[in-house]
Amino acid sequence: MDYSADDHLFMQRALRLAEGATRRAAPNPGVGCVLVRDGEIIGEGATLAVGSDHAEIQAIKDCLARGDTPRGATAYVTLEPCSHHGRTPPCAERLIREGIGRVAAAMVDPYHEVSGRGIAMLQAAGIPASAGLMEAEARRIHRGFLSRVERGRPWVTLKAAATLDGKTALLNGRSKWITGPQARLDVQRLRAAHCAILTGSGTVLADDPQLTVRELPVAIQPWRVVLDGDLRTDPAGRVYQGGRSLLANCIDDESRLAPFRERGVEPLIIGRRGGKADLAELLRRLGERGVNELMVEAGAGLNGALLREGLVDEIALYLAPSLAGDAARGLFAWPALEDLADKISLKIVDARMVGQDLRLTLRPANRA
């Protein structure tokens, strides 16, 4: 279907609204909706927290609050309006009831209870409805929700900071601070955009991190997930304080888990594969809990394992203009390669300066 320049302009606004709602709406998609009549925006909205209004309802309420009516307007929505009764009634029904004149969606919702039914419901009511307007951009913004629905696991972003020669810490373990204050604040923004943050037991034992969002206001902190297959970490660690902590481990022993439970930590028992914690199972279990976007802040061991198993979707790599030397610790641990053909190839999708540091956004070269 052909879309006009105005269609693209108004969908861009809806996509910006969606991007701002992604975190608060999880595990739902953070959808944006803009209502337009005669080239003017008469209402707009974005998805609220689970159980509250979806974007279309917020846009309708905004329109009514302005003293207008949605009748005859075009609704630009970043995801197909829902057609089923969940925690809220179907948005498609409400759009029909309000007399919307046209619906332009960025993409079809792949969730099995929608999956084209919303568009079909609107069309059956005589409303011109289509999907496909700026779909690529919508898939980027909704990628966490789409990953969980289509693949059964979160979108995984691995964050790492290193010197120009790829070192994350000195041989004695000292790593504060490799990057500058602007890069560290940027990491806080990255944390705030994710549902959960994963780290390994080695990082907890070495650094005693909090893994909370600091210096920025957030309505709710991300889940902190510690992968500690053999229960080596201390229940008194800072990562386990303040709630919203998950302990992923392979030992289903209540006597050893009790000290964690007493601090409000929720155990997540996973199996082993090849003698190690099953990382694919861990991601599936997090997906089942509604985690759309997962950020990894870990050491070389967990970083390397996730990357080797093809479980990393994106890497946010902060490079400081400094050198640490050959003896310092590296980014990814894996066995020595025998041939360069076995290397993991990446593609750079974004590069920008953050203060004095370079932030690279990379994806596996074989990933669509």
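Is Glu266 buried or partly exposed? With a relative accessible area of 31%, Glu266 is partly exposed, where buried means under 20% relative accessible area, exposed over 50%, and partly exposed in between (1.4 Å probe, protein chains only).

Before we go on, a word on the model. It is predicted, so local features need pLDDT of at least 70 and side-chain atom pairs count only at pLDDT 80 or more, while totals for chains, interfaces and linings use all residues. Residues are numbered from 1 along each chain as its sequence is written, and side-chain values use heavy atoms, with hydrogens and water left out.

Back to Glu266, whose side chain meets that of Arg289 in a salt bridge at 2.8 Å, N to O; the term stands for a side-chain nitrogen of Lys or Arg within 4 Å of a carboxyl oxygen of Asp or Glu. Glu266 lies in strand 11 (residues 266-269) and Arg289 in the loop between helix 10 (279-288) and strand 14 (293-296), so this pair ties together parts that are 23 residues apart in sequence. Helices (H or I, at least four residues) and strands (E, at least two) are DSSP runs, numbered from the N terminus. Arg289 is partly exposed too, at 36%.

Other salt bridges are worth a look. Asp278, buried at 10% relative accessibility, pairs with Arg273 at 3.6 Å between the closest N and O atoms, and Arg273 is partly exposed at 47%. Within helix 10, Arg285 and Glu281 are 4 residues apart, which means about one helical turn separates them; their side chains form a salt bridge of 3.7 Å, N to O. Shared partners also join Asp186, Arg189, Asp350, Arg352 and Arg359 into one network of salt bridges. The count comes to 26 salt bridges.

Now turn to strand 1 (residues 32-37) and strand 2 (residues 40-46), which pair in the antiparallel sense over 6 bridges; pairing requires that DSSP finds at least two bridges between two strands. Val36 has Ile41 in strand 2 as its bridge partner. The hairpin has 2 residues between the strands, and Asp38 takes a positive phi near 50° there.

Finally, the unreviewed UniProt entry carries a "binding site" annotation covering residues that include Ala161, Trp177, Asp207, Ala300 and Gly301. The annotated residues span 145 residues in sequence, and the farthest two C-alpha atoms are 24.8 Å apart, so they do not all gather at one spot. UniProt positions follow the numbering used here, feature names are shortened, and annotations may be inferred rather than shown by experiment. Ala300 is found in helix 11 (residues 300-308) and touches Gly330, Leu331, Phe332 and Ala333, not counting residues up to four places away in sequence, with contact meaning heavy atoms within 4.5 Å.
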